[in-house]
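I opened the model today to look up how the chains meet and what lies inside them. My entries follow.

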Amino acid sequence: MPTFLHAPLLWGLLLASVPVLIHLINMMRHRRVRWAAMEFLLVSRKKNRTWVLLKELLLLAARMSIVAIIVLMVAQPLLRDQLGAVLGGSKTHHIVLLDDSFSMSDRSNGATVMDRAKEAVDRIGAMVAAGGDSRTFTLLRFSEAGRGGRRTQPDLLQEQVDSEFRARLRETLKTIQASETAAGPVAPLEAIGQLLGEGEDETRVVYLISDFRKKQWDRPEDIRSRLAELRAKGVSLHLINCVDARRPNLAVTQLELTSGTVAAGIALFMEVEVRNYGGEPARNVSVVLEEDGHARPAVRIDEVPAGESVRERFEVTFAAGGAHRVAARLDGDVVTADNYRYAVVDVPLEVPALIVDGSVDQQGAFFLSAALAPGGNVRTGLRPRVETPRFLDDNPLDAFPVIYLTDVEHLDQRAVKGLENFVAGGGGLAIFLGPRCRAGFLNEGLWRGGEGLLPLPIGGESALFIDRLDNAPDLDVVDHPIFRVLGGQNNSFLSQIKVGRYFAAPKDWKADAESTVRVIARLRDGAPLVVERAFGKGRVVAWLSTAAPIWNNAGSSPAFVVLVQEMQAYLARRVEAAAPLLVGSPIELSFDPAQYQNQVRFVSPGRDGAETTAHDAVLKEDNMLHARLTRTDAAGVHEAQLLTATGMVDARRFAVNVDPAEGDLARLDGSQLAARLDGVEYAYHQADTFEARRDASIGRNLSDVLLYLLIVLLVGEMLLAWSCSYHPPETRVAAPFGRGAAA
Amino acid sequence: MSDAQRFLDPEAIRRIARLELRASHVVEGFLSGMHRSPYFGQSIEFLQHREYTRGDDLRDVDWKVWARQDRFYVKQYEEDTNLRAALLVDASASMSYGSGPLGKFDYAATLAASLAYLILRQQDAVGCMTFDAKARATVPQRTRRNHLDAIVRALDGSRPEEKTNLEEILRHAAEAYPKRGLIILVSDLLVDREGLFKGLRLLRSRGHDVIVLHVMDDDELDFPFSGPTRFEGLEIDHRLSCNPRALRQGYLEALGAFLEEIRRGCASNRVDYVLLRTSRPLDAALAAFLSKRMEVRKK
């Protein structure tokens, strides 16, 4: 049986009795005519009585039907698609997937896209509530779809639609706001499949309410396949777009340390990046900075071209050690969430650097130590520690970001293994050669056919002959972070470095293009001098000459200090920087059970202030305690508070940011969406016009059919009335018997 | 509309209250429309010229002939044949219906008075009978000019009331006007047709020439009613509530059959038949009479 969107209006069917009443009233209002030619009238009546009565009854029925159909059209009858639904034997389940990514906070005319989306949900609720019994309703936000081990948490799950349903839905909608996530539609589409099962005994209608930003649909294969799966199961799909136009938006897309050794009291450089997602250039953009909650001078950007990013560098100095919070903020625009960017800078008081020198006089260590920590007024934050190769045998290396080997003749296999583990774990290794080094050990112990730490095989010692006719510098460097600060044609420091001897690579050696091995500096004769490679998460830089000014004069050059500092900073960075934490992703940490208790408190920023949750860490197979904050709902700095064995609190901070790409407000229109969902049958609606066409959303609206029926009935009524001669002619009836005199 | 027709228009006639004035108005109007003065003699039909002899009325001298031939000729008219006409006017209840300026009975009475006036002006004798179920007033045939007053009184004194019984009436007329003459029946003929035709046959068998002037109202011929209507029979005790437009076609078919039956019945009895609408001028009836008058004279 059909159901009605506005069932109370069915009382209007009583109006169908109006034609009967009019007929009865007309019966009482007969005109009275005293008539002479009665016999002809009686003959006519006798002849036509049955047919006239039939036509009049049909006319009355047609008029009653017309009134009834108009009432039914206003009441919006709906016929569910499935035959079972038609027969009234099955349920209809309405599933609303609501995009609550932060691009939904796009504001215009005092209302956000999210507000429009909630209105659309409310309208769907009204429609469903008007549809009668046997209906259930599920509301799932994108950000609540289970991913990464999280449970799916719908706001309403298979809620029975009863008289209180709309009130409950409205209360739920009041609590819903755009999140700070960049959640897309794939997860919720997956989640409803898992959450609701096959559902063979019910008709399902899925409403995907979103802003349909281009970014989320650039690779639509996943979405298309999931929608096609749903469609194959007979699910009706309705895609409701809540955005009417694209608006310009600026976003802080990056806030990071750029270079240098991080230590207390050391001046550091950070960079902030602002991207303009609009179609017009943004001028005089001011980025407000905060350092540990204290305002810093703002960074001003003259112009951010349309569709481009601009990076600005600024200097920070953290006087004390610890995890420091840096925040960047833009002035308000249509989307607020991406106007903020947070960074946590872990600042140690000092950074230890291990120098392992194999020579007796340890000249290399001396010059390296001098370059790492020159002393005097110059503070680098580095604390060099000089050890012999034996140190590598049985000491943990994790405390050192970077280890320097200089003129090491031989290392035990254990030491080599320890070093490899250290670099593979993310450490940096600088290898300086020297007179004590032997090609045999270097090749067999450190290169190992390309599997070891050394980036290249060593052929043997070689001398660089002095060419007095050629004034070319001995060093020819590529564009590389280590040499970049000394680059440029006017910079003479590099040209002052002279190399006399070095370890040469075999003549036929060339860096494999597919490997990470890269020659970053060559000698005048083309022989590699400085070669790097990535090893696991860390890097190795091999300097094929001495650190001390024995085979070259670099150690005594002012450029050497700069080169070593840059090398330290370069090697201290991991090959693959840890992925930035985005809102919605979990925070995981592991710690030593010997030092910490298993209780962790997470303090997270929230809309209404900080929120604290307590977690018990779990001891896993690696003998480490693991704790996990499964969800991060807000951008900002989250803090994990660990309790040490002695009861002290050790706080670790994590910067969680919004996905800046979500700030790209470019949207898809209906045709673009259709191109991406080719082959999937769905109905596309604009949220503003969704109400007018809501009929299609829960089944087949019979209004169209009724309209056609009404037209047919109106035409039939006209014909019948004309046939019954109820429509008087415009002019007097033409005389059938001439008005002239004689017949 | 010509001047003559204007005089004959029912709307104009309605404004004249007295029947005798109506009659003179109609007839003079009708005759003036035919030619200037055809009735200057004692008869209405010119026959031949005859040479003047002493004693002839100087008014009969044709001065135009004298002017051309210098001889006196007098005009000779056809001899007065003493035409005896009888007007039978239906005053039954059905004649009371009327939708236009003149009801059927008013129209019939005006027509009868006009014919009487015309006949009397021709020095013919005319009588009159009004009837419904039976004869209500009978005026004998006379030729006197003032006889019109008696006829008008008979017409004025009649009010349509009862049913018609034409067979009886025509039989009665045959007896009331035994000498052969012209019988003019003015009626709506809403009667038993068999009785009507019997009566007409009777009149014809007595040697009467008969003219039937069938008076019908526009409403009866066109049936223009619309909207819920309750019809109450004037002569038939029957009430019918209906949508008249639904029955119109059937009504018109029945009416057409009726008119055809009347027409055929009259033709078969060699009775002149003229259907008259109450909304139309009376000239058709007068012309029909004059045509018949000429036939009678020729006989």
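I looked up A:R32 and found its bridge partner, B:R230, in strand 8 of chain B. Strands here are DSSP runs of E, at least two residues long, and helices are runs of H or I, at least four residues long, both numbered from the N terminus. Strand 2 of chain A and strand 8 (residues 229–233) of chain B run parallel, joined by five bridges. Strands pair if DSSP finds at least two bridges between them.

I noted the conventions: residues are numbered from 1 along each chain as its sequence is written, and chains are lettered from A and ligands numbered from 1 in the order in which they are written. The model is predicted: local features need pLDDT of at least 70 and side-chain atom pairs count only at pLDDT 80 or more, while totals for chains, interfaces and linings use all residues.

Next I checked the contact between the chains. Chain A puts in 35 residues and chain B 44 residues; contact means C-beta atoms, placed from the backbone, within 7 Å. On the chain A side, helix 1 (18–28), strand 2 (31–35) and helix 2 (38–75) each supply at least two residues. Helix 2 of chain A gives the most, eleven residues. I sorted this side by class: 21 nonpolar, five polar and nine charged residues. Nonpolar covers Ala, Val, Leu, Ile, Met, Phe, Trp, Tyr, Cys and Pro; charged covers Asp, Glu, Lys and Arg; polar covers the others, Gly among them.

Then I looked at two helices of that side. The axes of helix 1 and helix 2 of chain A come within 8 Å and cross at roughly 140 degrees. Axes are lines fitted to C-alpha atoms over the stretch in contact, and angles run from 0 to 180 degrees between N-to-C directions. Helix 1 of chain A and helix 2 of chain A are therefore oblique to each other; angles under 35 degrees count as roughly parallel, over 145 as roughly antiparallel, 65 to 115 as roughly perpendicular and the rest as oblique. Helix 1 of chain A makes the contact with A:V18, A:P19, A:V20 and A:H23, and helix 2 of chain A with A:L60, A:R63, A:M64 and A:V67.

Last, I checked chain A as a whole. I counted 15 helices and 37 strands. Of its 743 residues, 38% are buried, meaning that 20 or more other C-beta atoms lie within 10 Å of the residue's own, C-beta atoms being placed from the backbone.

Terms used
Two residues are in contact if their C-beta atoms, placed from the backbone, lie within 7 Å. A residue is buried if 20 or more other C-beta atoms lie within 10 Å of its own, exposed if 12 or fewer, and partly exposed in between; C-beta atoms are placed from the backbone.
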